[in-house]
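The structure comes first, then the questions.

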Amino acid sequence: MSPALPPRTAGIAVLLVILAAGFARARAGPGSVLPPQSRAAWRVAITIDDLPMTGGSCTAEAIDSLHDALLAALARHAIVATGFVIPGTSCQGPGPASASAVATRWIRAGHEIGNHAFTHPDLNTVPAAGYLADVARADRALAPVLEAAGQEERWFRPPQLHAGPDPGRKAALERWMVEHGYRMGVVTIDNQEWVFAAAYQRARTRSDSSAMTRVVDGYIDHLLECARYYRALSRQLFQREIPQVLLLHANRLNADHLERALAALRLTGASFIPLRAAVTDSAYALPDPYVGPRGLSWLQRWALDRGVTPGPEPREPAWVRRIGADSESVFR
Ligand SMILES: [Zn+2]
């Protein structure tokens, strides 16, 4: 409890509060409580990696219910998302829980799908020939699904956003994509959602509802912080807000809370557009100049090319990593 203020000091304090409130209203405009820039419209494409599922027990029921929930949340916000599929993942079931059945389900629900390699290899640790054989195998697995649905776009997203640790592997991947009519599934809003997902899964397995709540609240805060960070980087690089591309994963955290995450983004002025619409912006015609082992956002790649050193990107709080310890490696 704070000590009582003498009457004169209290009067000044009240006056300051009134002046501050008036100033905030003047800045925000009539009928608004937020500064204008907080509500500035911006656009974002939603992309979801590691279909059918990452983390948790990979039963057919779990995969089914995960996609019931993800597709329902996307539909409620009228979103056309892009799901990046790992056709050879061990986390799939028979029949409707198989990778190709889940991909078909997504396309029938109005979404697009992309190639996330057959077994999710890491280009940093695999020679180009083996890596591209894996990507080509995913291409063959997904081709019948794409052709049946008439989806013409061919998207590839490198696992962990590792797009070439050295000039040879980077050029080999780019050449393969050109030859096979692929477009890079770029990401601009990278984030640590997968660490929150690991923590959430662990808390859920223990039925620890207070830890689950804490993780979900932290996840939403982190997502909004990442959106602010990359929107600011866009303004710094382009003097405007380019359409963003958000990376999320097909995990239980999003099955249970994607609806809330999307609503939170919408409250900041976000509207949702398909990936294919986002990349029509001229920013996406810029080359990716980055050669190296890091899984960077494309905004960070373009920043490096311009000699801009972005500030450190938002990270998860240490307590999230502690809750998710031992399980996080399987979530990205
Ligand atoms: Zn992945």
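Q: What is the bridge partner of Trp42 in strand 7?
A: Ala270 in strand 7 is the partner of Trp42. Before going on, note that this is a predicted model, where local features need pLDDT of at least 70, side-chain atom pairs count only at pLDDT 80 or more, and totals for chains, interfaces and linings use all residues. Residues are numbered from 1 along each chain as its sequence is written.

Q: What makes strand 1 and strand 7 a pair?
A: Two strands pair if DSSP finds at least two bridges between them. Strand 1 and strand 7 (residues 270-272) have three bridges, in the parallel sense, so they pass the test of at least two.

Q: Which other strands pair with strand 1, and in what sense?
A: Strand 6 (residues 244-249) pairs with strand 1 in the parallel sense over six bridges, with Val245 as the partner of Ala45. Strand 2 (residues 82-85) also runs parallel to strand 1, joined by three bridges, and there Thr82 is the partner of Thr47. Between strand 1 and strand 2 the chain crosses through helix 2 (residues 60-76), and this β-α-β crossover is right-handed. That label means that, with the strands pointing away from the viewer, the path from the first strand over the helix to the second runs clockwise. As for the names, helices (H or I, at least four residues) and strands (E, at least two) are DSSP runs, numbered from the N terminus.

Q: Why is strand 1 called mostly covered?
A: Eight of the 10 residues of strand 1 (residues 42-51) are buried. A residue is buried if 20 or more other C-beta atoms, placed from the backbone, lie within 10 Å of its own, exposed if 12 or fewer, and partly exposed in between.

Q: Which residues of helix 5 are buried, and what puts them on the same side?
A: The buried ones are Arg169, Lys170 and Leu173. They cover an arc of only 105° around the axis, taken from the directions from the helix axis to the C-beta atoms, so they sit on the same side of helix 5. The face turned away from that buried side carries the exposed residues Pro167, Gly168, Arg175, Val178 and Glu179.

Q: What is the peptide bond from Leu51 to Pro52 called, and at what omega?
A: That bond is cis, with omega near 5°. Pro52 is in the loop between strand 1 and helix 2.
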